[in-house]
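Welcome! Please take a moment to look over the sequence and the 3D view, and then we will go through them together, topic by topic.

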Protein chains: 2
Amino acid sequence: MADRTRAEPPLHPAAQGYAALFNEIAILAQLSRARIEARLPDGVTFAQFGVLNHLTRLGDGQTPLALARAFQVPKTTMSHVLAGLAARGLVAVAPNPRDGRGKIVRLTAAGAAFRGAALASVAPDILRIAAALPAELPDGLLPGLAQLRMVLDRDRDGNGDADGDADGDPRG
Amino acid sequence: MADRTRAEPPLHPAAQGYAALFNEIAILAQLSRARIEARLPDGVTFAQFGVLNHLTRLGDGQTPLALARAFQVPKTTMSHVLAGLAARGLVAVAPNPRDGRGKIVRLTAAGAAFRGAALASVAPDILRIAAALPAELPDGLLPGLAQLRMVLDRDRDGNGDADGDADGDPRG
DNA sequence: ACTTGTTAGTGCGGTGTCGTACTATATGAT
DNA sequence: ATCATATAGTACGACACCGCACTAACAAGT
């Protein structure tokens with residue numbers, strides 16, 4: 001414990017690069033999430049916005065549990081998020097006619113409008129970012145990131161649900 | 001509001017790729033964070049682990065406020081995180097001799113040992129991931145991601161502190 | 001039909017995170 | 001020196017997130 005600020009890497013060299021990669025990803029997620037949250041109106045959560053986006057892009061009529069799995073959050077959390085959205089009239093949660101215990105989540109017109117407005121309020125930020133960076137950067141990064149995500153998805157230990165539909169934070 | 005699951009893109013085409021990129025990053029962050037958290041012992045938080053890593057890599061003797069800025073969290077949050085670490089004896093928070101209102105955060109031997117053990121418990125996961133992917137993937141992605149982070153850092157509106165030392169979730 | 005086990009969702013309590021308001025110290029102007 | 005302003009940290013309350021325990025409904029085997 002002599003030279004504290006210079007701890008030698010306790011990781012296998014092959015893992016070093018991936019550790020740095022995960023670190024960079026976490027930082028970027030933090031930055032972009034903060035950015036989005038700052039643009040969302042009053043009491044609307046990042047998670048709520050994510051659900052609205054998911055319903056818009058992947059389609060209506062999903063069950064709360066399916067949403068919880070898609071976002072990799074406990075079902076109690078999704079229950080809470082949906083309650084907040086329903087209280088604002090942005091989604092409608094109805095009983096599932098096919099399954100007595102289940103529910104069905106539908107996007108309301110107000111929800112779709114809200115999502116559009118929120119997206120529009122974020123657009124200037126993204127445009128400014130895009131203008132400061134090469135246009136081909138996303139195309140260069142996305143395939144590799146998608147590959148990484150796929151491996152992470154498949155590699156889950158305890159949870160055996162690898163449907164590969166994770167969709168954590170959609171904004172476009 | 002006819003065809004709901006097929007909303008036309010309300011975003012400028014130049015922003016589309018970046019929106020998808022941010023989305024992918026958020027998903028990956030969620031997945032990797034969940035992975036790490038599952039490996040941390042009992043009451044230790046992801047945020048606490050991040051602080052330990054930061055102190056190990058970037059050095060001791062920082063102030064709580066500097067840490068809060070580095071992690072992009074409010075100072076109240078950092079105060080809480082440090083209190084938790086101090087209660088476990090993993091860091092020592094002492095008054096700053098140069099500044100009567102400030103404090104100085106130092107990593108204890110127990111803290112360094114804990115960080116090492118936590119890192120070792122995560123290593124197998126990272127190795128498994130690395131084994132399933134090309135070895136050159138991190139090198140291919142990191143420059144672009146760093147570039148993106150730099151732009152995001154510089155582009156902050158309200159907060160004028162762009163010291164560029166963000167370090168959200170280090171694990172290697 | 002009955003029993004067993006699994007799945008969908010909720011109620012409740014604990015805790016992490018954060019905004020607001022406050023104290024104490026430092027800094028700068030006069 | 002004095003006063004105004006800015007900065008470091010804390011106290012407190014609100015809320016998001018999540019684990020645990022529970023109910024209701026489906027599914028399977030007998």
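In which loop of chain B does Gln72(B) lie? Gln72(B) sits in the loop between α3 and α4 of chain B. Keep in mind as you read that this is a predicted model.

**How chain A is built**

- Chain A contains 6 helices and 2 strands.
- Starting at the N terminus, the elements of chain A follow the order α-α-α-α-β-β-α-α.
- Of the 172 residues in chain A, 36% are buried.
- If you take the contacts in chain A with a separation of 6 or more, 53% of them join residues 24 or more positions apart.

**Where the two protein chains meet**

- On the chain B side, 70 residues are in contact with 69 residues of chain A.
- Three helices of chain B, namely α1 (13-39), α5 (109-131) and α6 (137-154), each give at least two residues to the side that touches chain A.
- The top contributor to this side of chain B is α1(B), with 21 residues.
- Sorted by class, the side of chain B that touches chain A has 42 nonpolar, 16 polar and 12 charged residues.

**The nonpolar core**

- In soluble globular proteins, nonpolar side chains tend to be buried together.
- Here, the largest nonpolar core has 80 residues.
- The residues with the most contacts inside this core are Tyr18, Ile25 and Leu28 of chain A, together with Tyr18, Ile25 and Leu28 of chain B.
- To see one of them up close, find Leu28(A): leaving aside neighbours within four places in sequence, its contacts are Ile25(B), Leu145(B), Leu148(B), Arg149(B) and Leu152(B).

**Around DNA strand D**

- DNA strand D is surrounded by 23 residues, and the closest are Ala47(A), Thr76(A), Thr77(A), Gly100(A) and Leu65(B).
- Two or more residues of this surface come from each of α2 (46-58) and α4 (75-87) of chain A, and likewise from α3 (64-71) and α4 (75-87) of chain B.
- The largest share of the surface near DNA strand D belongs to α4(A), which provides 5 residues.
- In terms of class, the surface near DNA strand D has 7 nonpolar, 11 polar and 5 charged residues.

**Around DNA strand C**

- There are 22 residues around DNA strand C, and Leu65(A), Ser79(A), Gly102(A), Thr76(B) and Gly100(B) come nearest.
- At least two residues of this surface are supplied by each of α3 and α4 of chain A and α4 of chain B.
- The helix that gives the most to the surface near DNA strand C is α4(B), with 5 residues.
- The class count for the surface near DNA strand C is 6 nonpolar, 11 polar and 5 charged.

- Most residues other than glycine have a negative phi, and most peptide bonds are trans.
- Gln72(B) has a positive phi of about 60° although it is not a glycine.
- In chain A, Gln72(A) also has a positive phi, near 60°, and Gln72(A) is found in the loop between α3 (64-71) and α4 of chain A.
- Why does Gln72(B) count as partly exposed? Gln72(B) has 19 C-beta neighbours inside 10 Å, and a residue needs 20 or more to be buried and 12 or fewer to be exposed.
- Gln72(A) is partly exposed too, because 19 other C-beta atoms lie within 10 Å of it.

Note on methods:
Residues numbered from 1 in each chain as written. Chains lettered and ligands numbered in written order. Near = placed C-beta within 6 Å. Helix = DSSP H or I, 4+ residues; strand = E, 2+ residues; numbered from the N terminus. Nonpolar A, V, L, I, M, F, W, Y, C, P; charged D, E, K, R; others polar. Contact = placed C-beta atoms within 7 Å. Core = buried A, V, L, I, M, F, W, Y, C linked by C-beta atoms within 7 Å.
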